[in-house]
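User: I would like to learn how to read aromatic ring pairs in a protein model. Could you take me through the general idea and then through the case at hand?

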Amino acid sequence: LVFVLGVAAYLSSIVLAMSSSLNIEMKYGETRCFREDFPPSTHILGEYAVADVEGHMSLNLRIRRTHSTTSMFMRDDITKGTLSMTTSDHESKQSEPYDICVMHHIRPDDYRDTKAKRKFHIQFRWGSQAVDYATMAKKEHWDDIRTAVKRLQNELEDVLGELDEMHVRE
């Protein structure tokens with residue numbers, strides 16, 4: 001058991017790369033985009049939240065592959081929520097960049113509150129980080145040891161996948 005927990009701690013430190021998050025402050029009329037590389041054919045879970053700082057302003061969220069015009073996720077007037085998407089499969093088997101854009105869309109009927117600000121937070125998880133092990137253990141009637149072993153298996157698959165991707169890049 002001590003060995004299993006030690007290996008779990010080691011793999012957990014490596015697998016932290018299977019998640020990312022961003023916190024930004026948005027101003028009136030602003031659009032901000034950032035780029036995140038996601039592995040191919042992977043289920044991505046995300047959580048986002050908007051907090052008031054000053055004034056009134058609504059934000060929109062768009063996610064798309066960098067070299068595509070089709071959005072994978074779109075929401076207008078966001079406050080708090082979750083997202084789920086699956087990245088596309090491509091022949092290179094390498095991570096592909098996705099653009100995540102947060103924007104304040106100024107409508108003609110909007111009150112122009114130029115001092116308005118919002119804090120935006122988004123977090124993505126994929127691979128073993130995106131699995132709800134407590135729910136899985138309850139559904140499958142697993143004990144703590146079996147759940148830990150399953151988590152280790154998934155984390156090992158993530159690490160091996162990352163190593164394969166690094167090998168392809170060489």
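Predicted model: local features only at pLDDT ≥ 70, side-chain atom pairs only at ≥ 80, totals over all residues.

User: What describes a pair of aromatic rings?

Analyst: A pair of aromatic rings is described by two quantities, the distance of the centres and the angle of the planes. In this model, a search of the whole structure finds four aromatic pairs. In one of them, the ring centres of F38 and F124 are 5.3 Å apart and the planes stand at 70°, and because an angle over 60 degrees counts as edge-to-face, this pair is edge-to-face.

User: Which parts of the chain does the pair of F38 and F124 tie together?

Analyst: F38 belongs to strand β2 (residues 31-38) and F124 to strand β8 (residues 117-126), so the pair ties together parts that are 86 residues apart in sequence.

User: Are F38 and F124 buried or exposed?

Analyst: F38 is buried, its relative accessible area being 0%, and F124 also counts as buried, at 1% relative accessibility.

User: How are the rings of F38 and W126 arranged?

Analyst: Their centres lie 5.1 Å apart with the planes at 80°, so the pair of F38 and W126 is edge-to-face. This pair links distant parts of the chain, with F38 in strand β2 and W126 in strand β8, 88 residues apart, and both F38 and W126 are buried.

User: Which residues do the ring pairs link into a cluster?

Analyst: The cluster linked by ring pairs consists of F38, Y98, F124 and W126.

User: Which residue lies over the face of W142?

Analyst: That residue is R146, which lies over the face of W142 at 4.6 Å from the ring centre.

Technical notes. Residues numbered from 1 in each chain as written. Heavy atoms only, no water. Phe/Tyr/Trp six-rings, centres within 6.5 Å; stacked < 30°, edge-to-face > 60°. Helix = DSSP H or I, 4+ residues; strand = E, 2+ residues; numbered from the N terminus. Buried < 20%, exposed > 50% of the residue type's maximum accessible area, 1.4 Å probe, protein only. Lys NZ or Arg CZ within 6 Å of the ring centre and 35° of its normal.
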